[in-house]
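Please look over the chain below before reading on. The paragraphs after it go through a few places in the structure.

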Amino acid sequence: MMDGRKTPLEYLMDVMADENADEKRRDWAADKAAAFLHPRPQPVARTVEIELPDTSTVDGITAALSAITKAAASGQIAPAEAQSLSALIEAQRKAIETGELLERLEKLEATQAKR
């Protein structure tokens with residue numbers, strides 16, 4: 001008890017143990033208390049091997065995303081793994097795009113400076 005008041009878990013345990021309480025309410029309390037007492041284990045990350053093309057170009061990124069989609073559709077990799085791989089490819093795409101934009105901006109600034 002905290003300051004004379006019950007913690008949420010203590011309240012749930014009291015409801016669960018109350019033989020006079022409605023059975024559905026006791027079941028509800030047991031279900032809610034279980035999350036405190038028996039947390040679900042986190043999924044274990046695993047490495048995946050999938051053949052991907054070079055992702056240093058936009059065409060390569062498109063092909064890599066296609067390969068990831070096919071691998072997920074065929075069951076070679078799990079959807080969550082496909083999502084993680086796609087996020088990596090997306091980060092690569094953004095890096096390429098940022099580099100290209102920076103190069104274009106520098107060219108524009110150089111052109112403006114010559115005027």
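Predicted model: local features only at pLDDT ≥ 70, side-chain atom pairs only at ≥ 80, totals over all residues.

Begin before the helices. Gly 4 is found in the segment that precedes helix H1, which covers 8–17. Gly 4 counts as exposed because its relative accessible area is 63%, and exposed here means over 50%. Its C-alpha atom is separated by 58 Å from that of Ser 74, a residue 70 places away along the chain.

Next comes helix H2, which spans residues 23–37 and contains Asp 27. On the surface, Asp 27 gathers with Asp 22, Glu 23 and Asp 31 in a patch of negative charge. The relative accessible area of Asp 27 is 47%, so this residue is classed as partly exposed; that class lies between the buried limit of 20% and the exposed limit of 50%.

Helix H2 also holds Phe 36. Phe 36 takes part in another kind of surface patch, a nonpolar one of about 270 Å², together with Met 13 and Leu 37.

Is Glu 81 buried or exposed? Glu 81 is buried, because its relative accessible area is 16% and the limit for buried is under 20%. Leaving aside residues up to four places away in sequence, Glu 81 touches Arg 46 and Val 48.

Terms used:
Residues numbered from 1 in each chain as written. Heavy atoms only, no water. Patch = residues over 30% accessible without salt bridge, like charges linked within 9 Å, V, L, I, M, F, W, Y side chains within 5 Å. Areas by Shrake-Rupley, 256 points an atom, 1.4 Å probe, with all protein chains shown as cover. Salt bridge = Lys/Arg side-chain N within 4 Å of Asp/Glu carboxyl O. Lys, Arg positive; Asp, Glu negative; His and termini not counted. Charge placed at Lys NZ, Arg CZ, Asp CG, Glu CD. Helix = DSSP H or I, 4+ residues; strand = E, 2+ residues; numbered from the N terminus. Buried < 20%, exposed > 50% of the residue type's maximum accessible area, 1.4 Å probe, protein only. Contact = heavy atoms within 4.5 Å.
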